[in-house]
Amino acid sequence: MLRAYFDETGSDGDKEGVFGIVGLIAPTSVWRRTQIEWEHALGCFGVSEFHAVDVENCRKEFDGWTSQQREKLVGAL
């Protein structure tokens, strides 16, 4: 059995209408292991979820984070 995750990206102010989507497909056993490791890494940094736009712009749970903290989190993930 396979499982897939997809994410979209785009710019709200983009006049050209640029939009992208990325997806990953793998056996469910791989996703179970990956999810456990992902959640552990987030827990080590004291956050509950990861959205690159929030990390990059120091929003929500990442308010006040330094660039070093952000780089460490991304590296751990």
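Buried means under 20% relative accessible area, exposed means over 50%, and partly exposed lies in between (1.4 Å probe, protein chains only). The model is predicted: local features need pLDDT of at least 70, side-chain atom pairs count only at pLDDT 80 or more, and totals for chains, interfaces and linings use all residues. Residues are numbered from 1 along each chain as its sequence is written, and side-chain values use heavy atoms, with hydrogens and water left out.

**Whole chain**

Start with the cartoon view. The protein chain has 3 helices and 2 strands, in the order β-β-α-α-α along the sequence. These elements are DSSP runs numbered from the N terminus: helices are H or I with at least four residues, strands are E with at least two.

Show the C-alpha trace next; along its principal axes it spans about 40 × 35 × 15 Å.

Colour by accessibility. Buried residues are 16% of the 77 in the protein chain. The chain exposes about 6200 Å², with carbon and sulfur atoms supplying 54% of it; accessible areas come from the Shrake-Rupley method with a 1.4 Å probe, and for residues only the protein chains shown count as cover.

**Strands and the surface patch**

Select Leu2, Phe6, Phe19, Ile21 and Ile25. Together they form a nonpolar patch on the surface with about 620 Å² of accessible area. Patches are made of residues with over 30% relative accessible area and no salt bridge; like charges are joined within 9 Å, and nonpolar side chains (Val, Leu, Ile, Met, Phe, Trp, Tyr) within 5 Å. A salt bridge here is a side-chain nitrogen of Lys or Arg within 4 Å of a carboxyl oxygen of Asp or Glu.

Both β1 (2–10) and β2 (19–27) supply at least two residues of the patch, and β2 gives the most, with 3. Zoom to Phe19, in strand β2: Phe19 counts as exposed because its relative accessibility is 56%.

**Start of α1**

Move to Thr28, in helix α1 (residues 28–44). Its relative accessibility is 16%, so Thr28 counts as buried. Leaving aside residues up to four places away in sequence, Thr28 touches Met1, Leu2 and Arg3, where contact means heavy atoms within 4.5 Å.

**Nonpolar core and Trp65**

Select Leu42, Val47, Val55, Phe62, Trp65 and Leu73, the 6 residues of the largest nonpolar core. Such a core is a set of buried Ala, Val, Leu, Ile, Met, Phe, Trp, Tyr and Cys residues joined through side-chain atoms within 4.5 Å. In soluble globular proteins, nonpolar side chains tend to be buried together.

Centre on Trp65, in the loop between α2 (52–56) and α3 (67–76). Trp65 is buried, with a relative accessible area of 14%. Not counting residues up to four places away in sequence, Trp65 touches Phe45, Val47, Cys58, Arg70 and Leu73. Trp65 and Val55 are 10 residues apart in sequence, and their C-alpha atoms are 8.4 Å apart.

**Positive phi in the loop**

Stay in the loop between α2 and α3 and pick Cys58. Cys58 is not a glycine, yet has a positive phi of about 50°; at 21% relative accessibility, Cys58 counts as partly exposed.

End at Lys60, in the loop between α2 and α3. Lys60 also is not a glycine and has a positive phi of about 55°. With 64% relative accessibility, Lys60 counts as exposed.
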